[in-house]
Structure formats: structure tokens, C-alpha cells
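Work through the exercises below with the sequence and the coordinates at hand. Each task is followed by its solution.

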Amino acid sequence: MTLDPRRAQLWKAMGLGPMYRLRAAQMTVATAPLTVVDSPPATTVRARLISRLVWDELREEVANCRACRLCETRKQTVFGVGNVNARWMLIGEAPGSEEDERGEPFVGQAGRLLDSMLASIELTRVGQTQRSVYITNVLKCRPPGNRNPQPGEVALCEPFLRRQIELVSPALIIVMGRFAAQSLLDTDASIAGLRGKRHRITVAGRQIPVVVTYHPAYLLRNLVDKAKSWADLCLAREIDADVSTAQQAQ
Ligand code: URA
């Protein structure tokens with residue numbers, strides 16, 4: 001089936017890459033939305049389409065995304081790494097220059113600290129074992145000069161992160177840094193106000209516990225707060241144990 005050129009143009013304008021082709025192939029004329037005038041807002045349509053993608057489609061969609069201007073300055077997108085069935089999912093802010101270069105999150109100095117923090121509680125980003133976590137960022141492209149992500153960029157990238165969370169379906173999420181915490185929890189509270197608490201987000205109808213901790217790059221500059229980040233990991237372990245107990249009781 002070929003895609004109606006007008007719809008193809010609309011989907012392209014929404015920054016959708018190969019997905020519009022994939023979905024066109026699956027869509028019947030009867031179920032396809034008919035006119036632009038009757039359609040929900042483009043961002044809603046886009047988010048709905050992304051929410052149906054499987055891993056390979058999602059990865060390809062991110063790789064080809066041109067929804068915001070970060071695509072003009074990135075070297076490549078940075079999707080995520082680790083166990084796609086992980087119990088723990090870690091979410092940072094956005095790729096930096098080394099991540100942009102290598103296409104993997106947290107591979108610079110902050111990433112090395114993150115790896116050793118994970119190792120201290122016998123977790124790793126490597127492999128697909130019970131000890132392997134999944135790591136990604138709120139933004140999949142590097143903001144130029146490592147500036148803060150802009151609200152429009154976050155909004156356009158959010159459906160990708162939501163779908164990643166849905167597909168991993170973790171028992172627990174750890175958000176690293178003020179920016180990621182505020183984006184995910186939809187709050188403007190400070191890190192100090194968010195740390196040490198049991199938060200929750202709802203993704204695809206499922207409640208997932210969230211723990212907020214410092215960003216590893218912040219810890220590199222503020223060694224004294226490493227003890228607090230250790231406390232955050234301990235809280236995460238406690239919550240994970242509670243989730244396990246609840247799951248076994250079911
Ligand atoms: N900082 C982040 O938030 N994410 C990365 O991937 C690297 C640095």
C-alpha cells in the first residue's frame with residue numbers, strides 16, 4: 001500500500017522518519033485518519049504512533065528523528081544501552097560530546113563514575129543478566145555546547161523515553177540530576193526536595209517507583225555528596241526489595 005502523499009507530508013513535517021512508512025504498511029484505508037482538519041494535534045498523533053513501536057522500530061525512529069533542531073548539530077543520536085528487560089532503569093539528561101561521538105549514554109568521565117557506582121552494588125550496564133541495568137537520557141541528541149535542554153526539545157523527545165520505559169518495564173527507575181528528575185516527575189522542585197523520597201510515575205497504566213539522585217557529573221565536582229548518592233542507591237535497593245516481595249505475594 002502506498003501512503004497518501006498529503007499524509008506522508010504531514011507525518012514528515014512532524015519529524016517522523018521511517019515510522020510513517022512502517023505504519024502505512026499496516027494501516028487499512030478504513031482505519032486510517034482521513035483529513036488533517038479532523039485529526040488530533042500533530043504531537044498527539046506522533047506520540048501515539050511512537051507508543052506502538054517495537055524496539056527496532058523505535059531505535060530506527062530515534063536515529064532518523066528530525067523533530068527539533070538538535071538534529072542539525074548532533075553527530076549521531078544516543079538511544080540507550082543495557083538490558084532491555086532490566087529491573088533498574090537509569091535516566092540522565094542528555095548526551096555530552098563523548099556520547100555524541102560514540103552513540104552510547106554515559107561514556108565520558110561522568111559515565112565512568114556511574115559505572116563504578118553501579119559496580120559498588122554489583123550492577124552493570126553490560127550483558128542481559130539479572131544484574132544488568134538499562135541506561136538512557138531524557139534527550140537523545142546532544143544540545144550544542146552542552147547547554148540545558150529546552151522545553152520544546154524535551155516535549156518532542158518525551159514519547160521516545162516513555163516508550164523505552166514501557167518496553168523495558170522496569171521495577172524501578174533512578175533519575176539522575178535535577179533536569180531529568182524535574183522532567184520525569186513534572187515538577188520544579190529542587191534535587192534536595194526530591195531526594196530521599198519514594199516517587200512514582202505512571203507509564204502505560206503501570207505505576208513505577210522512581211528514586212531521584214545526583215547527576216554523576218555533579219558528583220565529580222562535589223565529592224562530599226557522594227555519601228548522599230550512596231544513600232539514594234540504598235533507598236533504591238529497599239524499594240526494589242519491596243517490589244519483589246509484593247510481586248511474590250501476587
Ligand atoms: N550526562 C548525561 O546526562 N547523559 C549522558 O549520557 C552523559 C552525560
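**Exercise 1.** Give the strand order of the sheet and state which strands stand at its edges.

Solution. The open sheet has six strands in the order 1-3-2-4-6-5, with mixed pairing. Strands are DSSP runs of E with at least two residues, numbered from the N terminus, and two of them pair if DSSP finds at least two bridges between them. Strand 1 (81-82) and strand 5 (199-203) each have a single partner strand, so one side of each lacks a neighbour in the sheet. These two are the edge strands.

The model is predicted: local features need pLDDT of at least 70, side-chain atom pairs count only at pLDDT 80 or more, and totals for chains, interfaces and linings use all residues. Residues are numbered from 1 along each chain as its sequence is written, and side-chain values use heavy atoms, with hydrogens and water left out.

**Exercise 2.** Describe how strand 4 is joined to strand 6.

Solution. Strand 4 (residues 172-176) and strand 6 (residues 206-213) run parallel and are joined by four bridges. Within this pair, I174 stands opposite V211 in strand 6.

**Exercise 3.** List the residues around the ligand, then find polar contacts (pairs of N or O atoms within 3.5 Å).

Solution. First, the shell (a heavy atom within 4 Å of the ligand) consists of G92, E93, A94, E99, P105, F106, N137 and H215. Next, a backbone N or O atom of E93 lies 2.8 Å from a ligand oxygen atom. A backbone N or O atom of A94 lies 3.0 Å from a ligand nitrogen atom. Finally, a polar side-chain atom of N137 lies 2.8 Å from a nitrogen atom of the ligand.

Notes: A polar contact is a pair of N or O atoms within 3.5 Å; within protein, one must be able to donate a hydrogen and the other to accept it, and residues adjacent in sequence count only if both atoms are side-chain atoms.
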